[in-house]
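Hi everyone, thanks for letting me go first today. I'd like to walk you through one model, so let me put it up on the screen.

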Amino acid sequence: MRPVRRIAVIGAGTIGASWAAWFLSRGLEVVASDPSPGAPELIRRMVEGAWPILQQLGAAPGADPGRWSFEPDPVKAVAGCDAVQESAPERYEVKQPLLRAISAALPEDALILCSSSGLLVSRLSEGCTHPGRVVIGHPFNPPHLIPLVEVVGGGTASAEAVQAAVGFYRGIGKHPIVLNKEVPGHLANRLQAALWREAVHMVAEGVASVADVDAAIAQGPGLRWALMGPHATFHLAGGEGGYAHFMHHLMPAVTSWWESLGNPVLTPELQRALIEGVAQETDGRPIPALAAERDAALVRLLAAKAG
Ligand SMILES: NC(=O)c1ccc[n+]([C@@H]2O[C@H](COP(=O)([O-])OP(=O)(O)OC[C@H]3O[C@@H](n4cnc5c(N)ncnc54)[C@H](O)[C@@H]3O)[C@@H](O)[C@H]2O)c1
């Protein structure tokens, strides 16, 4: 696969614009494409707003926040690009024709990376030209701050393309992980979905308020999860006997909890209760202010982890 110096960001909404900011900060040239007339302004705001933070995180020498252009036609946008990061809406009927069109316009050794949160790469690449270079490269919001990228080849991408995707993301300062098989929702979103299901169930059952369910994570295990995942966390919970002792000691209790985990139905009433609960928790503060606060704290957390 060819080295990436110029990358096309196809679909420039929340995720695409944030990807564009990160790519620029790593010294790449970006060509963005989106059917929305408001897209160039969104990218400009995202790049300008994020640039001070990106410099704080260590922009590449020569990185230029103005090194991007906009071309509404995705097929024209990919011309001369070494790779694509596709971030169009999360629907097969939107992504499949888009991927078919851009893949026909790209040389065989240009990677096509899809930001999809949970679609199967084997279906996304159906009908593409050289489908073996279509790979999931799933980021976490906001991609210009969160290091994780899930790479999935799903049996249709070549081993070379999967390795090239890993090398590309690692080279631009991300933390790629590879899924050996494709599954709906990939890995991290399935973990999030499992936790969210129980978070909803606990509110539905009246066990705790929305704010207290959130505090149960953010003031508790969430602090450890920023440092190590669920397996390593329980390895340490087993004392000197580690994970083996933890399993021996606590497995009967934990597996009995598994049996009582909930499977809530998101009725309109439950949805209203959750939405009202989160509005109370956040004092009705606007989302941009909450996101800015989260992003500033994330930068401090990343710096602490790096230290
Ligand atoms: N929002 C998240 O937290 C998040 C996180 C990781 C990955 N993703 C994934 O990223 C992708 C984009 O999600 P988003 O949250 O940025 O959505 P979004 O709605 O903010 O942005 C999607 C953009 O795609 C554009 N678009 C519509 N039709 C298009 C087409 N045919 N070709 C190209 N662009 C088109 C829209 O105008 C819009 O600007 C999805 O696959 C989603 O699953 C989202």
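This is a predicted model: local features need pLDDT of at least 70, side-chain atom pairs count only at pLDDT 80 or more; totals for chains, interfaces and linings use all residues.

Residues are numbered from 1 along each chain as its sequence is written, and side-chain values use heavy atoms, with hydrogens and water left out.

Okay, the sheet. Two strands pair if DSSP finds at least two bridges between them. In general, strands of a sheet pair through backbone hydrogen bonds, either parallel or antiparallel.

Here we have an open sheet of eight strands with mixed pairing, in the order β3-β2-β1-β4-β5-β6-β7-β8. At the edges are β3 (68-70) and β8 (175-179), and each has a single partner strand, so one side of each is left without a neighbour in the sheet. On average, neighbouring strands are turned by 25 degrees against each other, direction ignored. For angles, axes are lines fitted to C-alpha atoms, for helices over the stretch in contact, and the values run from 0 to 180 degrees between N-to-C directions.

Let's zoom in on one pair. Strands β4 (residues 83-86) and β5 (residues 111-114) run parallel and are joined by four bridges. Which residue is the bridge partner of Gln85 in β5? That would be Leu113. Lying across β1 (6-10), β4 and β5 is helix α4 (residues 92-104), at about 170 degrees to β4. Contact here means heavy atoms within 4.5 Å.

Now the ligand. A residue is near a molecule if one of its heavy atoms lies within 4 Å of it. There are 21 residues around the ligand, and Ile15, Asp34, Glu90, Lys95 and Ser117 come nearest. By type, the shell divides into eight nonpolar, ten polar and three charged residues. Gly counts as polar in that scheme, and Asp, Glu, Lys and Arg as charged. Which element gives the most to the shell? It's α4, with three residues.

For polar contacts, think of pairs of N or O atoms within 3.5 Å. A polar side-chain atom of Lys95 is 2.8 Å from a ligand oxygen, and an N or O atom in the side chain of Thr14 is 3.0 Å from a ligand oxygen.

Asn141 and Pro142 are joined by a cis peptide bond, with omega about -5 degrees. Pro142 sits in the loop between β6 and β7 (148-152). His186 isn't a glycine, yet its phi is positive, about 55 degrees. You'll find His186 in the loop between β8 and α7 (188-204).

That's my tour, thanks!

Notes. Helices (H or I, at least four residues) and strands (E, at least two) are DSSP runs, numbered from the N terminus. A polar contact is a pair of N or O atoms within 3.5 Å; within protein, one must be able to donate a hydrogen and the other to accept it, and residues adjacent in sequence count only if both atoms are side-chain atoms.
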